Amino acid sequence: FKAPAAWWLVFYIIVFNVLPGIWSLHLPGGGDGVAHWAHIGGFGIGMLYAFMIGFPGEGKKEFGLEDAEKFYAQGDHFHAIEHAQNLVESATENAPALEVLGKSLAAQRKQQEALQAFGQSIALYLKKGQRPDAARVYLVASSHYETFALPAPQQLAVGSAMESAGDYRNAALALAKTFKTYPDA
């Protein structure tokens with residue numbers, strides 16, 4: 001059966017630390033409960049720190065992306081778009097959410113919005129140095145729209161990433177598209 005991880009964590013803390021710690025208080029001489037109480041204190045400090053650095057928000061983003069990808073895979077593009085847009089609105093530099101948004105919009109034949117999402121996703125991946133991810137998104141966008149082209153520096157970076165990965169056919173196509181789209185490049 002499935003249960004949220006938080007429930008298992010609470011179960012573990014109570015059964016293996018709190019109860020033995022309380023039991024040790026009743027033993028003659030105080031017992032060896034120090035280790036149990038040290039673990040409980042460490043857990044509490046860890047949870048406090050997690051909340052201070054934004055732990056709940058990170059979980060929502062991660063699960064939101066999983067949900068968007070799941071809906072896309074199931075063909076439920078409406079809900080995939082909804083989840084991806086929520087993620088993009090909460091954090092504009094979310095390349096994976098923009099990628100799912102682009103694929104879902106393309107599936108719904110919303111070309112302008114899809115092209116914009118794909119372009120933003122690729123630009124963010126390149127900005128973060130994630131060239132293989134940028135190349136992957138470029139190939140997805142190109143599979144939906146043959147004329148899809150990026151600004152010349154991005155187009156060259158994506159073609160170069162494909163060449164570095166040994167995908168020479170797609171690298172040649174991407175680089176050739178650069179010179180067709182930007183003859184002065």
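1. Glu 93 is partly exposed, because its relative accessible area is 42%. This is a predicted model. Glu 93 pairs with Lys 127 in a salt bridge, with the closest N and O atoms 2.8 Å apart. The two residues come from distant parts of the chain, 34 residues apart: Lys 127 sits in helix 6 (residues 111–127), and Glu 93 in the loop between helix 4 and helix 5 (95–107). Lys 127 counts as exposed, at 59% relative accessibility.

2. The count of salt bridges comes to three. Glu 99 and Arg 136 form one of them, and their closest N and O atoms are 2.2 Å apart. Glu 99 belongs to helix 5 and Arg 136 to helix 7, so this pair ties together parts 37 residues apart in sequence. Glu 99 is buried, at 8%. Arg 136 is partly exposed, at 34%.

3. Arg 136 also forms a salt bridge with Asp 133, at 2.9 Å between the closest N and O atoms. Both lie in helix 7, three residues apart, about one turn of the helix. Asp 133 is partly exposed, at 24%.

4. Now helix 4 (residues 77–90).

5. Which residues of helix 4 are buried? They are His 77, Ala 80, Ile 81, Ala 84, Leu 87 and Val 88. They cover an arc of only 130° around the axis, so they lie on the same side of helix 4. The face turned away from that buried side carries the exposed residues Phe 78 and Glu 89.

Notes
Residues numbered from 1 in each chain as written. Predicted model: local features only at pLDDT ≥ 70, side-chain atom pairs only at ≥ 80, totals over all residues. Heavy atoms only, no water. Buried < 20%, exposed > 50% of the residue type's maximum accessible area, 1.4 Å probe, protein only. Helix = DSSP H or I, 4+ residues; strand = E, 2+ residues; numbered from the N terminus. Arc of directions from axis to C-beta. Salt bridge = Lys/Arg side-chain N within 4 Å of Asp/Glu carboxyl O.
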